[in-house]
Every structure is written in C-alpha cells, then in structure tokens.
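Have the sequence and the 3D view open while you read.

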Amino acid sequence: MSLIGSTSQPSLHKFGRDCHTSNYQCLSQSLAEYKIGPFCIKLYHSSSNQHPNFIMKSIIFLGVVALASAMPKLDTALFQGTDPRLIVGGVEATKNEFPWMIDLRVGGHICGGSIVSPDWVVTAAHCVGGSPSSYTLVAGDHNLTLNEGTEQSRGVTAIVIHPGYNRPTIINNDIALMRVDRPFEFNEFVGPAIIPQLNFAPTDLATVAGWGMLSFPIGDLPDVLMKVEVPYVADEPCRIANIGVGVVTESMVCYGVVGKDSCKADSGGPLMCGPDNALCGIVSWGKDCALDGYPGVYTETSYFAEWIRSTIAA
Ligand code: ARG
C-alpha cells in the first residue's frame, strides 16, 4: 500500500532471511526502473551499491520482451488473479481518514507509523535502526508528491526500540517509539491513535493502511495513501503457515487473505480494529505479499500498551 515518490530512486524496506540481523543497512535497497515500451519494470538489487551489469540487463530485457509478447496477462498471472495495480488488493484511503498516519522518511518514504501523543510516534523497530537525525516524520499527508497544506513535518530527537526486539527470535517485539522535535498540532487532519489495552480481542476484520507496494515482487509505489480490509487469522494456523519463514509469537497477530495484504514499505504502519479504528497492530513481516496461505504478521499493539504508556510518560 504505500509509497515512495515515483520519480526519484526510492529506497525500500526489505524483510528477508538474509537481512534481519543488520537492521538499518538492509532496509535501504536499490531499486532500478526499466521502461520497456508500455511496461515499467522495477528490479531490486541485493546490495545497495550493485547494479546488474550490461549482460544481465540485456538478458533481463530480452526475457521481459519475450514474456510480455507471449503472455499479455503476465502481471495478472503472477499475482494469482488479483489486480496488481491495487495496494495489494486495496483502495485509496479518503484524505486524512487516519489522522494518526505517519509517513516515515529517510529522504523518501521507507515506512509507516502512528501518532500516539503530540510528542510520540509508534512504528516497527525494524524500520528505525539508524540515528534519530536520519529520520523525518510527516503527519497529515495523503499524496506524497503534493503539498496539500495539511502536512506537519518533524525531526526526531530520540528513538526507543523495545528492549525485547529480536529476542528470543528474529523480529519479535517489533515495536519502537520516536520522539519528535516539536509537538504535533492536533486538528482534523492530525491526531492520535487509540491503543487497545492488553485484554483486547482481535476483531474478525481489520484495516491496514500505508504507502507500500501495490504488488510484489514487481509493483509500483502509490503516491496516495492506500488501505485494505483484511480478515483475522488465528495464531496457530498462522504459526504453522509460517514455519520456515519466521516465528509467530504470542505478541503477534495475523491478518490477510490471498490478494489482500500489506507489503514492503508498509512496515511500521497501522492495522486498525473496530469502529474507532483502534491501533490493534503494526505492520511487521510476512512471506512476500498477499500470497495464498500466508497472512501478514503484525505486532499486537495491545501487548505493548503498558510499555508505550510508561515510555512516553518518562
Ligand atoms: N517488512 C515489510 C516492510 O518493511 C512489511 C512486510 C509486511 N508483509 C506482509 N506480507 N504483510 O515494509
């Protein structure tokens, strides 16, 4: 769902077995765009400084041309019948529908986040391994390429990563708080999310929002905020589905169905439950995006309600 500017070279967030341990470095990946006739192809490089050599580019070019002419419906086939132009399965959010929604930037968009108080934003720990000064938090945003007059941009003075992050398993306790250099001014476009308490039961449906990829592994990043409604998946089936991918712990919650999911660069953003859109989850990880049998895995915010309260009160 969400986005990085389409003209500049975006830096994307990556979650993969090869990179969980090196936090920040692995979050920025090069992404090259190739325009081939009506097609725009985006390719990731495993290391940010590498570019495919000319021979590789030629092979890729020829392969894409051959496939494109043989299979005009290649994109649809790849995404199992879902429309690859929609967030993975979602729609554009109404402007400022989620006033707590944060665009977390390192130059361009890398992750989402949610406002929890005038001074604090909650996001995923795996989004924020760098120093506070490398991040910008923008509230009140909708179209990342336009100045819509509702944006409030802030620097970051402190980052508190949960002490249990990556313990005892990789990506566990994937939550962090960021303090802004000047309080947000709350108005109809910018305001705090409600944090559910520990006994909160996940709802059957939840909404996830972000500017992340519209499809995976080939996909555009939207300019506008996207949202999608996803169904609850119980811990045990989610744990079993993800054996070999990652460990689903008690403080994670799973939502998603084939064709509907959050995706790369949605991390840190809100999963919302119930009539008041309470922040019941934080986009954390998943196998690719919107795959059949692999729901997205979210940090279950209610488990961290007390940690959030005490950290921002300190
Ligand atoms: N780790 C990804 C990110 O950095 C988010 C992954 C969510 N994946 C999913 N299939 N729901 O943006």
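## How the cysteines pair up

Count the bonded cysteines along the chain and the disulfides follow the pattern 1-2, 3-4, 5-8, 6-7. A disulfide here is a pair of cysteine sulfur atoms within 2.5 Å. Searching the whole structure turns up four of them.

Before going on, a word on what you're looking at: this is a predicted model, where local features need pLDDT of at least 70 and side-chain atom pairs count only at pLDDT 80 or more, while totals for chains, interfaces and linings use all residues. Residues are numbered from 1 along each chain as its sequence is written, and side-chain values use heavy atoms, with hydrogens and water left out.

## The C238–C254 link

Let's start with C238 and C254, whose sulfur atoms sit 2.0 Å apart in a disulfide. The angle about the S-S bond is -80 degrees, and this link is left-handed. C238 belongs to helix α3 (residues 235-241) and C254 to strand β12 (residues 252-255), so the bond ties together parts that are 16 residues apart in sequence. Helices (H or I, at least four residues) and strands (E, at least two) are DSSP runs, numbered from the N terminus.

Are these two cysteines buried or exposed? Both C238 and C254 are buried. Buried means under 20% relative accessible area, exposed means over 50%, and partly exposed is in between (1.4 Å probe, protein chains only).

## The C263–C289 link

Next up is the disulfide that joins C263 to C289, with 2.1 Å from S to S. This one is right-handed, at 85 degrees about the S-S bond. C263 sits in the loop between β12 and β13 (270-273), and C289 in the loop between β14 (278-285) and β15 (296-300), so the pair ties together parts that are 26 residues apart in sequence.

C263 counts as buried, at 6% relative accessibility. C289 is buried too, with a value of 6%.

## The C273–C280 link

C273 and C280 are also joined by a disulfide, S to S 2.1 Å. The torsion about their S-S bond is about 80 degrees, so this disulfide is right-handed.

Now for the backbone. Where does the chain take a cis peptide bond from R167? That bond leads from R167 to P168, with omega near -10 degrees. You'll find P168 in the loop between β8 (152-161) and β9 (176-180).

Another cis peptide bond joins F216 and P217, and omega is about 5 degrees there. P217 lies in the loop between β10 (205-210) and β11 (226-233).

Go back to the loop between β14 and β15, which holds C289. D288 is in this loop, and has a positive phi of about 45 degrees although it is not a glycine. Its relative accessible area is 34%, which makes D288 partly exposed.

A290 is found in the loop between β14 and β15 as well. What is the phi of A290 like? A290 has a positive phi, about 60 degrees, and is not a glycine either. A290 is buried, with a relative accessible area of 8%.
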